[in-house]
Amino acid sequence: MLGNGDGSFQAPLFFAAGNSPTFLAVADFDRDGKLDLAVTNTDDNAISILMGIGNGRFQPARKLDVGSGPDWITVADLNGDGKKDLLVANRLSDTVSVLINVTTAGEVIVGVSSIVNAASFEAGPIAPGEIVTIFGSNLGPADGLGFVFTNEEFVGSELAGTQLLFDGIPAPLLFVNTRQVTAVVPYATSGRATTQITVKNKGLLSSAITIPVSASAPAVFTAAANGTGPGAIFNQDGSLNSKSNPAARGSFVMLYATGAGETDPPGIDGLLADSVLPQPLLPVSVTIGGQAAEIRYAGAAPGVVAGIVQVNVRIPDGVGSGGVPVQLRVGDQVSQAGVTVNVE
């Protein structure tokens, strides 16, 4: 629970360790200036090491086997080399495990801590063509970089030596920095049950993380780019929908989303939508204020990279005024709750 500095705390964050975690120790094990965790998992006969990324979040746990029933751990520099070592008390085997730290000074570890939909900021299965954001450490350059074109029609899959790979397939990159990569899931993941994600930074590769693949994972982009509140929705005249600029009932609005899955014609990684505007293969529907809304168009957003979907939808006559909830369904999956469109 991250502190607010006044004696109160933010909501708890949860990170998987092992079976029956009983005791933990905190130290900078990889000498990167960020605190890490060592946790005893009594029922696994192992400990978990969770490397910190410096913002209260941690990379996925790494398992190290010790004795039977470990239930206590402490940190000390046992051999005087300046590195933090571990001692683990194993209650059921009546032993102590001594783990000597062999981290190389200055070693850079590329780590992935979480993967979310770039529109909703929610974790879960990913879909072909979905825009996702990867959080972690040492993912790219310190200064953020936006996408580049390999030619006039394609977004490139490498930025400053960073690549995001799905089963070895490079993804079009929209943004990278040391803690974040935003990219488009390759369409080649279509039909797979899972995909393995790795980040490569100047030749260094992160550990692979396996993520389930879904036919769709829709999410609507929001005006504040935080996954909730007023959507990034435009009124019929092209102006941004807002509390001070609501849409009239019966008028059309344009919402933008991602995670619609495969398209017709088939999606092409990194391609900008131009004369051909692919449309989702799965059925698309929208509710506004809980009422079914008429869709005039659902497909690629002109001039934007494949993976962003534009939906032109009519505000139903019977909805109320103010911020009205809007949800997008693609196939059997529904976009995140909490997104609104302002109606006069």
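Asp71 is partly exposed, at 26% relative accessibility. Partly exposed here covers the range between buried, under 20% relative accessible area, and exposed, over 50%, with a 1.4 Å probe and protein chains only. This is a predicted model, so local features need pLDDT of at least 70 and side-chain atom pairs count only at pLDDT 80 or more, while totals for chains, interfaces and linings use all residues. Residues are numbered from 1 along each chain as its sequence is written, and side-chain values use heavy atoms, with hydrogens and water left out.

Back to Asp71. What does Asp71 form with Arg91? A salt bridge, with the closest N and O atoms 2.9 Å apart. The term requires a side-chain nitrogen of Lys or Arg within 4 Å of a carboxyl oxygen of Asp or Glu. Asp71 sits in strand β5, residues 70-76, and Arg91 in the loop between β6 (85-90) and β7 (95-99), so the pair links distant parts of the chain, 20 residues apart. Strands are DSSP runs of E, at least two residues long, numbered from the N terminus. Arg91 is also partly exposed, with a relative accessible area of 48%.

By this rule the count comes to four salt bridges. Another of them joins Asp167 and Arg192, where the closest N and O atoms are 2.5 Å apart. Asp167 lies in the loop between β11 (162-166) and β12 (169-170), and Arg192 in the loop between β14 (180-184) and β15 (194-201), so this pair ties together parts that are 25 residues apart in sequence. Asp167 is partly exposed at 33% relative accessibility, and Arg192 is partly exposed at 32%. There is also a salt bridge between the side chains of Asp317 and Arg314, at 3.0 Å from N to O. Arg314 has a relative accessible area of 23%, which again counts as partly exposed.

β5 and β6 pair in the antiparallel sense over six bridges. Pairing here needs at least two bridges found by DSSP between the two strands. Within that pairing, Val75 stands opposite Leu86 in β6. β6 then pairs with β7, also antiparallel, over five bridges, and Val88 stands opposite Ser97 in β7. β6 and β7 form a hairpin with four residues between them. In the turn, Asp94 has a positive phi of about 55°.

β7 also carries Val98, which is partly exposed at 47% relative accessibility. Val98 belongs to a nonpolar surface patch of about 460 Å², made together with Leu78, Val96, Ile100 and Val102. Patch residues have over 30% relative accessible area and no salt bridge; like charges are joined within 9 Å, and nonpolar side chains (Val, Leu, Ile, Met, Phe, Trp, Tyr) within 5 Å. The areas come from the Shrake-Rupley method with a 1.4 Å probe.

Next, a sheet. In what order do its five strands run? The order is β8-β9-β14-β13-β10; the sheet is open and the pairing antiparallel. Its edge strands are β8 (111-117) and β10 (145-146), each pairing on one side only. The pairing of β10 with β13, residues 173-177, is antiparallel and rests on two bridges. Gly146 has Phe175 in β13 as its bridge partner.

The largest nonpolar core has 23 residues. A core is a set of buried Ala, Val, Leu, Ile, Met, Phe, Trp, Tyr and Cys residues joined through side-chain atoms within 4.5 Å. Those with the most contacts inside this core are Leu255, Val286, Ile288, Val311, Val313, Ile315 and Val326. At least two core residues come from each of β21 (252-258), β24 (284-288), β27 (308-314), β28 (322-330) and β30 (339-343). β28 gives the most, with four residues.

Leu255 has contacts, meaning heavy atoms within 4.5 Å, with Val220, Ala232, Ile233, Val309, Gln310, Val311, Val313 and Val326, leaving aside its neighbours within four places in sequence. A second, separate core has 21 residues, including Ala171, Val176, Val181 and Val199.

Last, Ala248. This residue is in the loop between β20 (233-234) and β21, and is partly exposed at 28% relative accessibility. Not counting residues up to four places away in sequence, Ala248 touches Ile315 and Glu344. Its C-alpha atom is 8.7 Å from that of Asn235, 13 residues apart along the chain.
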